[in-house]
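Visitor: I am new to this structure and would like to learn how to read it. Please take me through it one feature at a time.

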Amino acid sequence: QVQLVESGGGLVQAGGSLRLSCVASGSIFSINTMGWYRQAPGKQREFVASITSGGRTLFANSVKGRFTISSNNAKNTVYLQMNSLKSEDTAFYYCNADLNYSAYDASEYWGQGTQVTVSA
């Protein structure tokens, strides 16, 4: 069993910052990629950012220059630093991990999500 637990969401004014954290725990052999997705009301879930175990990062165009992603591989933790937040960043943010739960088996996991609300 693998669990992803997010924290750090909340209410912030436009222009403010929030930092999300996600910890992966359980039967983890190795982690390939961890990242963040978000889903706003009435919209589909969309990619936000990801980071590989080697440190390669990828961002959605809508958050480039405002969000950064980092990880602590020893703690199986990924962080999303969100700066210059806009009302359109309001969404439920989900942690995602592509990991190996054995030497030969891999799967994708999702956290329960955390709400981020940006007030105008």
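Guide: Buried means under 20% relative accessible area, exposed means over 50%, and partly exposed lies in between, with a 1.4 Å probe and protein chains only. This is a predicted model, where local features need pLDDT of at least 70 and side-chain atom pairs count only at pLDDT 80 or more, while totals for chains, interfaces and linings use all residues. Residues are numbered from 1 along each chain as its sequence is written, and side-chain values use heavy atoms, with hydrogens and water left out.

Visitor: Which residue forms a salt bridge with Arg38, the closest N and O atoms being 2.9 Å apart?

Guide: Side chains of opposite charge can pair when their charged atoms come close. A salt bridge here is a side-chain nitrogen of Lys or Arg within 4 Å of a carboxyl oxygen of Asp or Glu. In this case the partner of Arg38 is Asp89, at 2.9 Å. The S labels are strands: helices (H or I, at least four residues) and strands (E, at least two) are DSSP runs, numbered from the N terminus.

Visitor: How many salt bridges does the rule give?

Guide: The count comes to 3. Arg66 also forms a salt bridge with Asp89, with closest N and O atoms 2.7 Å apart. Arg66 lies in the loop between strand S6 (57–59) and S7 and Asp89 in the loop between S8 and S9, so this pair ties together parts that are 23 residues apart in sequence. The side chains of Glu46 and Arg38 meet in another salt bridge, 2.6 Å from N to O. Taken as a group, Arg38, Glu46, Arg66 and Asp89 are linked in a network of salt bridges.

Visitor: Is Glu46 buried or partly exposed?

Guide: Glu46 is partly exposed, because its relative accessible area is 35%. Arg38 counts as buried at 5% relative accessibility. For Arg66 the value is 10%, so Arg66 counts as buried, and Asp89 is buried at 1%.

Visitor: Which residues touch the most other members of the largest nonpolar core?

Guide: In soluble globular proteins, nonpolar side chains tend to be buried together. A nonpolar core is a set of buried Ala, Val, Leu, Ile, Met, Phe, Trp, Tyr and Cys residues joined through side-chain atoms within 4.5 Å. The largest core has 30 residues, of which Met34, Trp36, Leu80, Met82 and Tyr93 touch the most other members. Strands that each supply at least two residues include S1 (2–7), S4 (30–39) and S8 (77–82). The largest share, 5 residues, comes from S9.

Visitor: Which residues does Met34 touch?

Guide: Contact means heavy atoms within 4.5 Å. Not counting residues up to four places away in sequence, Met34 touches several residues, among them Leu4, Cys22, Ile51, Asn76, Val78 and Cys95.

Visitor: What is the order of the strands in the open sheet?

Guide: Strands of a sheet pair through backbone hydrogen bonds, either parallel or antiparallel. Two strands count as paired if DSSP finds at least two bridges between them. The open sheet has 4 strands in the order S1-S3-S8-S7, with antiparallel pairing. S1 and S7 are the edge strands, each pairing on one side only. S1 and S3 are joined by 6 bridges, with Ser7 opposite Ser21 in S3. S3 and S8 also pair over 6 bridges. Here Cys22 stands opposite Val78 in S8, and Leu20 stands opposite Leu80 in S8.
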